[in-house]
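Here are my notes for you to read alongside the model. Keep the viewer open and look up each residue as it comes along.

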Amino acid sequence: MNIDAIRDGIVIDHITAGRGMRVYELLHLDELDCSVAIIKNVSSRKMGRKDIIKVDADIPLDLNVIGFVDPGATVNVIRHGERAEKLTMDMPEQLCNVIFCKNPRCITTTEQELDHVFRLTDREHKVYRCLYCETKAELS
């Protein structure tokens, strides 16, 4: 398989195998007008298998989404064909409009303009809870 190098863009690397599509969906990469490559189950010496996403445009990304889906993934910013920046993702302390509260009595169900805000309450078990009603997020 041959995936061309990108001149200016973003490479999301070291995604746990099978989680690449979730990152793709939550970042709404399907809405972009540029080339996006999703490479699944790539051999990796460090991880065994991994997913990679290449975006052929230098666009702003919500890094919290990547840290939420797969802490430990890396984001490489490519400029002029060279890696300009490398970031390692960690679990964000707060998520806004990434996941949505499922509690029918939560204020976010009646007040449509309210942001769905979740806070990290247990890093070890990856537990996020709704800021308004404390409902535990259902992570898929």
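1. **The hairpin.** Strand 4 and strand 5 form a hairpin with two residues between them, and histidine 80 in the turn has a positive phi of about 55°. Strands here, like helices, are DSSP runs numbered from the N terminus (E, at least two residues, for a strand; H or I, at least four, for a helix). Six bridges join strand 4 to strand 5 (residues 82–88), and the two run antiparallel. Two strands count as paired if DSSP finds at least two bridges between them. One place to look is asparagine 76, whose bridge partner in strand 5 is lysine 86.

2. **How to read the model.** This is a predicted model, in which local features need pLDDT of at least 70 and side-chain atom pairs count only at pLDDT 80 or more, while totals for chains, interfaces and linings use all residues. Residues are numbered from 1 along each chain as its sequence is written, and side-chain values use heavy atoms, with hydrogens and water left out.

3. **The other neighbour of strand 4.** Strand 4 also pairs with strand 1 (residues 9–16), antiparallel and through five bridges. Within this pairing, isoleucine 12 stands opposite valine 75. How many of the six residues of strand 4 are buried? Five of them are, so strand 4 (residues 74–79) is largely enclosed by the rest of the structure. Buried means under 20% relative accessible area, exposed over 50%, and partly exposed in between (1.4 Å probe, protein chains only).

4. **The whole protein.** Zooming out, you can find three helices and eight strands, in the order β-α-β-β-α-β-β-β-α-β-β along the sequence. The C-alpha atoms fill a box of roughly 50 × 30 × 25 Å, taken along the principal axes. Of the 140 residues, 39% are buried. Contacts (heavy atoms within 4.5 Å) also tell a story: among those with a separation of 6 or more, 56% are between residues 24 or more positions apart.

5. **Two domains.** The domain assignment gives domain 1 (9–88) and domain 2 (94–130); such bounds come from an automatic or database assignment. Seven residues from domain 1 and six residues from domain 2 take part in the contact. The C-alpha centres of the two domains lie 24 Å apart.

6. **What lies between the domains.** Domain 1 and domain 2 bury about 480 Å² between them, 74% of it on carbon and sulfur atoms. Buried area is the accessible area (1.4 Å probe) that two parts lose on being put together, summed over both. Leu26, Asn64 and Phe68 supply 66% of the area that domain 1 buries against domain 2, more than any other three residues. The count of salt bridges between the domains is zero. Helix 1 (20–26) and helix 2 (63–69) each supply at least two residues of the side of domain 1 that touches domain 2, and helix 2 gives the largest share, three residues.

7. **Salt bridges.** The whole structure holds five salt bridges, each a side-chain nitrogen of Lys or Arg within 4 Å of a carboxyl oxygen of Asp or Glu. In one of them, the closest N and O atoms of aspartate 13 and lysine 50 are 3.0 Å apart. Aspartate 13 lies in strand 1 and lysine 50 in strand 3 (residues 48–55), so the pair ties together parts that are 37 residues apart in sequence. Are these two residues buried or exposed? Aspartate 13 is buried at 13% relative accessibility, and lysine 50 is buried at 10%.

8. **A salt-bridge network.** Asp90, Glu93 and Arg123 are linked in a network of salt bridges. Between aspartate 90 and arginine 123 the closest N and O atoms are 3.5 Å apart. Aspartate 90 is exposed, with a relative accessible area of 52%, whereas arginine 123 is partly exposed at 36%.

9. **A buried aspartate in a loop.** Aspartate 70 sits in the loop between helix 2 and strand 4 and is buried, at 3% relative accessibility. Leaving aside residues up to four places away in sequence, aspartate 70 touches His14, Ile15, Thr16, Arg19 and Met89.
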